[in-house]
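Hello,

Here is the structure I promised to pass on. My notes follow below it.

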Amino acid sequence: MPDLGKLSPFVQKTHKSSHFTQAANAVVRFDMNKFALIFLVLSICSYADQPPDWNEFIVQSENKKWSAAILRQGKAEEPWKDDWVLNVYEGFYVSSPAPNILPVWSTSYNPSGYFGGYLSNDGSAFSYVEFWYYPNHPVVEIYRQECSIKKNGSYFRVGSKLQQTASHQLWLKEGGNVKYYTADEKLFLQLETVKGLRKVSAVCNKKT
C-alpha cells in the first residue's frame with residue numbers, strides 16, 4: 001500500500017475513497033450472499049411444510065434417456081385410497097406417453113402425495129427420498145422391477161438434533177446431491193445428509 005503522506009490531498013482522498021468503495025462492495029456482496037442463503041433455507045423449509053397435492057408426475061433420468069411416470073389407477077374421492085403405478089419408459093418424455101407406448105417395466109407405487117424422485121441412468125431403479133425425517137418410517141424407497149427397498153430414517157444414523165420446520169425435521173443437507181453410482185457392478189443410491197454422505201444398496205436380495 002502506498003505512503004499516503006507523500007501523495008497530494010486529492011490523491012489521498014481518491015485513494016481512501018477507492019478503498020472505502022471496495023470495502024463497501026465486499027460488504028454488499030457478503031450481505032447479498034447471506035440473504036440468498038437465508039432465502040434458500042426459508043424456501044426449503046416452506047416447501048417442506050406444504051401439504052401434498054397428490055398429482056401424477058413424470059421424472060427423467062439425468063442422462064435424459066429414460067422416464068418414469070407415477071400414475072393414479074382409479075377415481076376415488078381420496079387419492080390415497082387409489083392404487084398407484086410406476087411406469088418406466090425408454091426415452092425422454094415430459095408428460096405421460098400415449099397408451100400405445102408400453103413401459104419397459106412397471107410396479108405398484110406407494111405415493112407420499114408429493115412429486116419428485118430419482119431415476120437411474122439405465123432406467124433400472126427409481127427412488128423417492130423424503131424431505132422430512134421419520135426415524136421409524138421409510139424416508140428412502142427404491143423401486144425396481146424385481147423388488148422394492150425401503151429404509152427408515154434410523155437406518156441413516158443422522159441423530160436427533162435436526163433442523164426444525166414448522167411441523168417437521170429436515171435431515172438432508174441443503175442443496176445436497178442425491179445420485180446413483182456403481183461399485184463392484186452393484187447399484188447404490190448416495191445421499192448428502194446433515195451428518196454427511198450416506199448410501200443405500202439398490203440391489204434386490206432375499207432380505208429386501
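Lys 81 forms a salt bridge with Glu 78, with the closest N and O atoms 3.6 Å apart. A salt bridge here is a side-chain nitrogen of Lys or Arg within 4 Å of a carboxyl oxygen of Asp or Glu. Lys 81 is exposed, at 59% relative accessible area. Glu 78 is partly exposed, at 24%. The cut-offs: buried is under 20% relative accessible area, exposed is over 50%, partly exposed is in between (1.4 Å probe, protein chains only).

This is a predicted model: local features need pLDDT of at least 70, side-chain atom pairs count only at pLDDT 80 or more, and totals for chains, interfaces and linings use all residues. Residues are numbered from 1 along each chain as its sequence is written, and side-chain values use heavy atoms, leaving out hydrogens and water.

The salt bridge count is 3. Asp 82 pairs with Arg 72, at 2.6 Å between the closest N and O atoms. That pair links distant parts of the chain, 10 residues apart: Arg 72 is in strand E2, Asp 82 in the loop between strands E2 (66–73) and E3 (83–90). Strands (E, at least two residues) are DSSP runs, numbered from the N terminus. Asp 82 is buried, at 13%. Arg 72 is partly exposed, at 25%.

Lys 173 and Glu 192 also meet in a salt bridge (3.6 Å, N to O).

Last, Val 139. This residue sits in strand E7 (138–143). Val 139 is buried, with a relative accessible area of 1%. Its C-alpha is 8.0 Å from that of Tyr 128, 11 residues away in sequence.

Best wishes

How values were computed:
Helix = DSSP H or I, 4+ residues; strand = E, 2+ residues; numbered from the N terminus.
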